[in-house]
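Work through the exercises below with the model open. Try each task before reading its solution.

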Amino acid sequence: MGSCAPTAEPGTPAPEQPATGTPEPLVRIGLVVGAATTVISGDAGLSVTDPSGAHLAAVSAGESWRAVAAGSGVAVRGPAGGSRASEIIDVAGADTGALVRVNGRPYRGVIEIFRDRTGLTVVNRLPMEAYLVGVVSTEMGRRAPAELEALRAQAVVSRTYALRHLRRWQVQGFDLYATVADQVYGGAERETPEGADAVLATRGRILTYDGQPIDAFFYSTCGGRTADGTEVFRGADRPYLRSVPDAAPDGTVYCSISPRYRWRETWGGDELRAILRRTLPTVGVSGRDADDVSDVRVAYRTPSGRVGQLAIGLRGTEVQVDGPNVRQVLRSTSGDILRSNAFTLTATRGGPRVTRLVADGAGAGHGVGFCQWGAVGRARTGQNHEQILAAYYPGTVLERLY
């Protein structure tokens with residue numbers, strides 16, 4: 001990789017470094033873990049082989065076959081028979097570029113299936129850029145022409161994230177999950193023309209700091225100010241992960257267009273107690289103590305204004321829940337984690353108990369790094385993807401790897 005250029009001011013496009021000649025990597029995406037069985041099919045038919053390329057089975061166009069555990073390996077079963085078992089099977093379209101369907105959803109590249117401790121693991125192996133089309137399209141959805149620079153920024157962020165975290169889940173046999181555990185990847189079914197354009201326009205480009213891919217954290221909506229990395233992730237003390245305001249010179253918050261910009265969550269007394277009975281054990285507190293909730297208050301705020309510690313009064317004692325766990329403990333009435341740590345609380349009491357709790361909040365997600373809705377707002381004002389990236393990751397360098 002190229003060396004780091006001088007630190008840029010927030011909002012100043014970082015100078016792009018020349019390509020290093022690194023080849024485009026293949027990525028292995030974990031689609032399913034622990035499945036009892038998996039259905040495979042292909043509109044143009046499928047070729048099933050072992051890792052050496054030896055033929056195991058041919059699936060005709062339109063047929064659905066099942067991959068099943070067989071001894072210590074995997075086999076496929078069809079309408080009129082099946083294959084011998086192999087430790088790993090590779091499933092590819094019979095024609096070049098043909099898609100493989102896994103449980104009805106189409107994917108590019110090759111599907112690998114192998115045994116894990118509880119069932120089958122299904123992995124999609126494909127080139128990085130093809131993977132990114134499925135990520136950017138899924139993460140950002142359909143976007144208007146005036147918003148395309150936000151998609152290009154997301155493409156750089158997602159490519160950087162993927163490269164930094166290659167082999168993250170190597171012990172499980174793949175690089176990245178296809179879920180929010182890493183980045184949401186929807187396969188070929190979710191691809192959009194705008195997502196494909198954004199990936200092509202930024203091909204091979206990543207963000208670096210001191211010559212290394214950055215920790216490219218991203219999320220939905222910051223609510224008006226991003227968070228310091230260490231407010232959320234203990235190991236994220238990075239010069240480019242600093243709390244910054246996300247507003248235009250006239251004071252308009254870029255992500256105010258987000259449907260999650262402002263929100264309210266309300267709990268009745270019984271609802272609050274029921275939720276805390278389920279969630280307090282995750283932070284080492286007995287759920288039985290939630291039968292008597294006397295108070296819920298913000299004990300500490302981080303420099304960006306987020307809740308750094310929540311204090312919950314229980315049976316004459318007070319339990320402190322630290323920032324990273326707040327959203328997991330104070331879940332919504334539907335059971336989902338709270339949208340963000342940026343909120344105020346209003347508690348109503350009837351005697352010694354809390355009878356109603358209201359959270360008025362801002363944003364969605366952890367708030368560190370790249371704000372997706374803020375990027376859309378910035379693109380609408382005419383900022384290009386270089387300017388957007390420099391605003392959320394100040395001091396980083398845009399570098400072309402291949």
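Two strands count as paired if DSSP finds at least two bridges between them. Keep in mind that this model is predicted.

**Exercise 1. Describe the hairpin of strand 19 and strand 20.**

Solution. 
1. Locate the strands. Strand 19 covers residues 293-301, and strand 20 covers residues 307-314.
2. Check the pairing. The two strands run antiparallel and are joined by 7 bridges. The cut-off is at least two bridges, so they pair.
3. Find a facing pair. L314 in strand 20 stands opposite V293.

**Exercise 2. Work out the strand order of the open sheet of 3 strands, and name its edge strands.**

Solution. 
1. Read the order: 18-23-22, with antiparallel pairing.
2. Identify the edges. Strand 18 (262-268) and strand 22 (343-350) each pair on one side only.
3. From one strand to the next, it averages 15 degrees.
4. Examine one pairing. Strand 22 meets strand 23 (residues 353-362) in the antiparallel sense, over 8 bridges. T344 stands opposite D360 in strand 23.
5. Place the helix. Helix 5 (residues 269-279) lies across strand 18 and strand 23. Its direction is at about 95 degrees to strand 18.

**Exercise 3. Are helix 2 and helix 8 parallel or oblique to each other?**

Solution. 
1. Two packed helices are described by the angle between their axes and the distance between the axes.
2. Take the values. Helix 2 and helix 8 (residues 385-392) pack at an angle of about 55 degrees, and their axes are 8 Å apart.
3. Classify the angle. Helix 2 and helix 8 are therefore oblique to each other.
4. The crossing of helix 2 and helix 8 is right-handed.
5. List the contacts. From helix 2 come E149, A150, R152, A153, V156 and V157. They meet H385, I388 and L389 in helix 8.

**Exercise 4. Which residues have the most contacts inside the largest nonpolar core?**

Solution. 
1. Start with the core. The largest nonpolar core has 75 residues.
2. Name the residues with the most contacts inside it: I113, Y131, F370 and Y393.
3. Find the main contributor. Helix 2 (residues 148-164) gives the most to this core, with 9 residues.
4. Another core, of 25 residues, lies apart from the largest one. V285, V326, L345 and L357 are among its residues.
5. Inspect I113. Leaving out residues up to four places away in sequence, its partners include I40, A67, V74, I88 and L120. E87 and T121 are also among the residues that I113 touches.

Technical notes. Residues numbered from 1 in each chain as written. Predicted model: local features only at pLDDT ≥ 70, side-chain atom pairs only at ≥ 80, totals over all residues. Heavy atoms only, no water. Helix = DSSP H or I, 4+ residues; strand = E, 2+ residues; numbered from the N terminus. Axes fitted to C-alpha atoms, helices over the stretch in contact; angles between N-to-C directions. Contact = heavy atoms within 4.5 Å. Core = buried A, V, L, I, M, F, W, Y, C linked by side-chain atoms within 4.5 Å. Buried < 20%, exposed > 50% of the residue type's maximum accessible area, 1.4 Å probe, protein only. Parallel < 35°, antiparallel > 145°, perpendicular 65-115°, else oblique. Left-handed = near helix turned anticlockwise from the far one by under 90°.
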